[in-house]
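Here are my notes on this structure. Please read them beside the coordinates.

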2 protein chains.
Amino acid sequence: MLRGGALIGQSGGPTAAINASLAGVISGLFENECVTGIYGMKNGIEGFLRGDVIDLKKCFSADEKGEKKDLKRLETLSLTPAAALGSCRKKLPPPESEPEFYEKLVGMLTELDIRYFFYIGGNDSMDTVMKLSSYMSVMSVSKSNSDREIRFVGVPKTIDNDLCSTDHTPGFGSAAKYIATTVQEIIRDCAVYTVPAVTIVEIMGRDAGWLTASAGLGEIVTGYSPDYIYLPETAFSLDSFLSDVRRALERHPNVVIAVSEGLMDKDGRYIGEGAQSGVADVFGHKYLSGTGKALELLVKEKIGCKVRSVELNISQRCASHIASLTDIREAFGVGEAAARAAVGGASGCMMSIERKSASPYGVEFVPKDISTIANAVRTVPREFINEAGNGVTRECLEYILPLIEGEVNHTYRLGLPEFFVF
Amino acid sequence: MLRGGALIGQSGGPTAAINASLAGVISGLFENECVTGIYGMKNGIEGFLRGDVIDLKKCFSADEKGEKKDLKRLETLSLTPAAALGSCRKKLPPPESEPEFYEKLVGMLTELDIRYFFYIGGNDSMDTVMKLSSYMSVMSVSKSNSDREIRFVGVPKTIDNDLCSTDHTPGFGSAAKYIATTVQEIIRDCAVYTVPAVTIVEIMGRDAGWLTASAGLGEIVTGYSPDYIYLPETAFSLDSFLSDVRRALERHPNVVIAVSEGLMDKDGRYIGEGAQSGVADVFGHKYLSGTGKALELLVKEKIGCKVRSVELNISQRCASHIASLTDIREAFGVGEAAARAAVGGASGCMMSIERKSASPYGVEFVPKDISTIANAVRTVPREFINEAGNGVTRECLEYILPLIEGEVNHTYRLGLPEFFVF
């Protein structure tokens, strides 16, 4: 048994489920003899480097001795949107080019007697886990100081569902439930008038179309789904789009279309590029927005009917009031499994979700080698998209559907959901 | 007792509660001996003029004879967003200028043996009720055919809460609950990073700031509310706005600001005017949008920090998944009261909501003369806005708070809320 403290961080864009994973890791570490302390990094690795650490054991203890966990507080945390510990977007330098950075970091971990390191995030965060664990394993071997072992485990999180080596990612199910529900409401809203009108709903996901595909879930449940759905995985043609819209307008006056923010033409140019700043973040991601607006202007110019675009925007990642119970439970479970795996000896891995059965839906949590995950992207496979590239297949929808099932039970006070506060 | 059929229409922009009012009117008319039939206009008065009518008595009967109402179906209808009967935006001509229009309409009503006419909508719809009832009363007197009596009753509906002669309007509470909840989630989402950033949330309401004021509800419940709130009722100054933003950025890095889509400068020019088409609807309303975007560009240019704008958009009027139970119950109640009042002899009126007590909150439904309501707008009074014009008072928030209380119980199937289908 490796005896020492545990440190947990949250990183990257927040989701409605990332705090459930934090609660899961805390829960898995609690009442564990070899875990001497549980700490949280404020604002991820960036805050930790500034010495910004919070005592989670104290915070989530039901008794003064810290022997029992406070289940009620853990539940409130699980249902609170966005990263309770704060987040950051920091890319670590390659270990070989800046060893002094790692020496400092490991020094700080050693000072706190940290033996377990958990990082909850997307593929950029898994890059952090990979670099730290590979640095440490090289260190341990070269300096033969294996007594300075620190175990690094990643916990997946992203609404985009674009991590490799996992069936899906915590956070995706809640975002998909928000999107599917909202798109259904929008379809009802749009249906009230008889004047021909086109509504374009722009959905997040960067280069992965999973979230946009979720807009179609109503098709296999309630019958309400957009006329067309365009994912970034197939090249987008303005001409095909316009003829799709014209064809839809012949069928009925209230056309609703779902588009991914990351749509690109066959030459790899973003459709929304004209309408945006072109600024890239530290990882080289371009901030995408304006795809819906660009297509709105196109329809206005070329077809001339009433048209509007709706950006679902950041509610996609923080609308915890309509979170998926399946998602919140899995996010908690994967965090708890990560804690147990680390105590059991795992390191250099991410705890992933394996779908053991489609019907009835069932999953298992399994550690996967971090190097197969970091910096890689899993997009929607071509066979999940229809031939014309303007819709998704039933198989795609059936893959997503179980992830949105179940409703969470928020505590409301005076009409507003209660959130966790440190 | 006036014996004959009843006709119900829905008009104007949809809300999350307008179907609850439809359910309420149907419920109030059912099992009423003198009401021989209950009909719905498809797409309001416009569809009715085309002869598009639906038999609601048949549709909501629990038995074949139509003696009992189907409570389950009425409940599902109550929780379904947007106008189930369809809507329209038709302004009736003045009765004196186009009497032939009214002759045709009244002829069609007579043919269906309609004695009760209900129109659920905002102030434009109340204009329809006013014109019809004044035309009919002049007709009845001049032609002394008082046996052709038809009673016209308006049922209030608008998320904007801008109708006169009523404490508030059905539909507002649900929109306010959606806005307050979403703004809280956005504030949590924005709080995760340490990089200075401004998030501008654009909220509906045209020239009335009630919905935008709702963004501040967290202040008296959870402590989460925007740094500043700007309503269209006070002249908006770009300079004061910029110094507010700068001051907020000095306090903390994550600034969230709520702005109304209808903000105007001291000369009455819309702030979002540059970014919009300037198209006006048949009532002369300008479609507003772009206020948030315009201010985003201003902050980017003048302050230079990270900034984004979020338009809450049509979810404000159709997010029934987070509807207010108080609102849905009142929307139903006001519809039911309208039905009973009409049967009891009322006409030329709108059923309004009177707040009988603030704490505990309690209301009564009272008919009000339609001429005091039609085409008039009730904006946020100056004393509900702080002196600097960048926030709302506690009194304002306390007026809104009881309207968002309580959560509705949707039936979910496979993760999605079930909607009513005719």
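1. Helix pair. In H1(A), the residues A:Ala20, A:Ser21, A:Leu22, A:Ala23, A:Gly24, A:Val25, A:Ser27, A:Gly28 and A:Leu29 meet a set in H12(A) that includes A:Ile328, A:Phe332 and A:Ala338. Contact requires C-beta atoms, placed from the backbone, within 7 Å. Helices (H or I, at least four residues) and strands (E, at least two) are DSSP runs, numbered from the N terminus. The residues of this contact divide into eleven nonpolar, six polar and two charged. Nonpolar covers Ala, Val, Leu, Ile, Met, Phe, Trp, Tyr, Cys and Pro; charged covers Asp, Glu, Lys and Arg; the others, Gly among them, are polar.

2. Basis. This is a predicted model: local features need pLDDT of at least 70, side-chain atom pairs count only at pLDDT 80 or more, and totals for chains, interfaces and linings use all residues. Residues are numbered from 1 along each chain as its sequence is written, while chains are lettered from A and ligands numbered from 1 in the order in which they are written.

3. Interface. In chain A, 50 residues are in contact with 50 residues of chain B. H7(A) gives the most to this side of chain A, with nine residues. The side divides into 24 nonpolar, 16 polar and ten charged residues.

4. Symmetry. Chain A superposes on chain B by a rotation of 180 degrees with 0.0 Å of shift along its axis (RMSD 0.0 Å). The same surface serves both: 100% of the contact residues of chain A recur in chain B.

Note on methods: Copies are superposed by least squares on the C-alpha atoms of residues with pLDDT of at least 70 in both. Two residues are in contact if their C-beta atoms, placed from the backbone, lie within 7 Å.
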